[in-house]
Amino acid sequence: MKFFLDTANLDELKKGAAWGIVDGVTTNPSLIAKEGRPIVEQVRMICDIVDGDISAEVVATETKEMIREGHELSRIHKNIVVKCPLTRDGIRATKALSGEGIRVNVTLCFSAGQALLAAKAGAYIISPFVGRLDDIGWTGMELIRSITTIYRNYGYKTQVLAASLRSPTHVIDAATAGSHIGTMPFKVLDMLFNHPLTDKGLEQFLKDYNKVFQETPVAG
Ligand code: E4P
């Protein structure tokens, strides 16, 4: 499973990238706005930190303008994936941009039917939002399971990116459901490291060792 960070914050991205396990980044207009810099500038800085797919979202709502923004975003860096919303205009823009060889992440997907539309339009990535479905009393993970099954049935190449993941359990469940990618806030990635038995075990190992050897081992 590929791990993407769902943030536009440069400090978080630097910390995550230093661990060597971050495969890409997703941003959205809200995340970009939080950082206070215009999208082109912020995304360019993100591309300098993480070497992987970087999703940058259009803010237009009409096909022609989405395509124009898509061209502008894709020129920022070779790793840019243009994000289009799952609307009629967004799907038309996806079809056009994909036809030109520009990779598109179709976002704001909340049903398997919508995911089918994105795959048929040639999307590189589909982003079903797990947490936001949970928020309205649905089981978001069911959507990941349906989409991975449907895509497998027809051999669609579109990658499933489980988005709006809010906890380590979400990440594990998305991986179990066969999601190709999971995008998560920095806090969730950090939480994946934690287990009380790891801390306890390490403490005991070091205590036992230090009881016998006072010095740290040296090579040779
Ligand atoms: C995905 O690309 C979105 O940016 C993101 O996962 C949305 O998550 P949220 O529902 O926690 O805002």
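Helix H4 (residues 63-74) packs against helix H5 (residues 88-99) at an angle of about 45 degrees, the axes being 8 Å apart. H4 and H5 are therefore oblique to each other, and H4 passes H5 in a right-handed crossing. On the H4 side the contact is made by Thr63, Met66, Ile67, Gly70 and His71, and on the H5 side by Asp89, Gly90, Arg92, Ala93, Ala96 and Leu97. These contact residues divide into 5 nonpolar, 4 polar and 2 charged.

The model is predicted: local features need pLDDT of at least 70, side-chain atom pairs count only at pLDDT 80 or more, and totals for chains, interfaces and linings use all residues. Residues are numbered from 1 along each chain as its sequence is written, and side-chain values use heavy atoms, with hydrogens and water left out.

Helices (H or I, at least four residues) and strands (E, at least two) are DSSP runs numbered from the N terminus. Axes are lines fitted to C-alpha atoms, for helices over the stretch in contact, with angles from 0 to 180 degrees between N-to-C directions. Angles under 35 degrees count as roughly parallel, over 145 as roughly antiparallel, 65 to 115 as roughly perpendicular, and the rest as oblique. Contact means heavy atoms within 4.5 Å.

| Helix pair | Angle | Axes |
|---|---|---|
| H4 and H5 | about 45 degrees | 8 Å apart |
| H6 and H8 | roughly 40 degrees | within 9 Å |
| H1 and H3 | about 15 degrees | 10 Å apart |

The axes of H6 (residues 112-120) and H8 (residues 140-154) cross at roughly 40 degrees, which makes H6 oblique to H8. Ala112, Ala115, Leu116 and Ala119 of H6 make the contact with Leu143, Ser146, Ile147, Ile150 and Tyr151 of H8. Of these residues, 8 are nonpolar, 1 is polar and none is charged.

H1 (residues 10-18) and H3 (residues 39-49) pack at about 15 degrees and are therefore roughly parallel to each other. Leu10, Leu13, Lys14 and Ala17 in H1 meet Gln42, Met45, Ile46 and Ile49 in H3.

The largest pocket holds about 390 Å³ of space. Its lining has 23 residues, with Asp6, Asn28, Leu31, Phe129 and Arg132 nearest the centre. Helix H2 (29-35), strand E5 (104-109) and helix H10 (186-191) each supply at least two lining residues. The lining divides into 9 nonpolar, 8 polar and 6 charged residues.

Key: Nonpolar A, V, L, I, M, F, W, Y, C, P; charged D, E, K, R; others polar. 1 Å grid on protein atoms, 1.4 Å probe; cavity = no way out; pocket = protein on both sides within 12 Å on 5 of 7 lines; lining within 4 Å. Points joined across faces, edges and corners; volume = space filled by probe spheres on them. Left-handed = near helix turned anticlockwise from the far one by under 90°.
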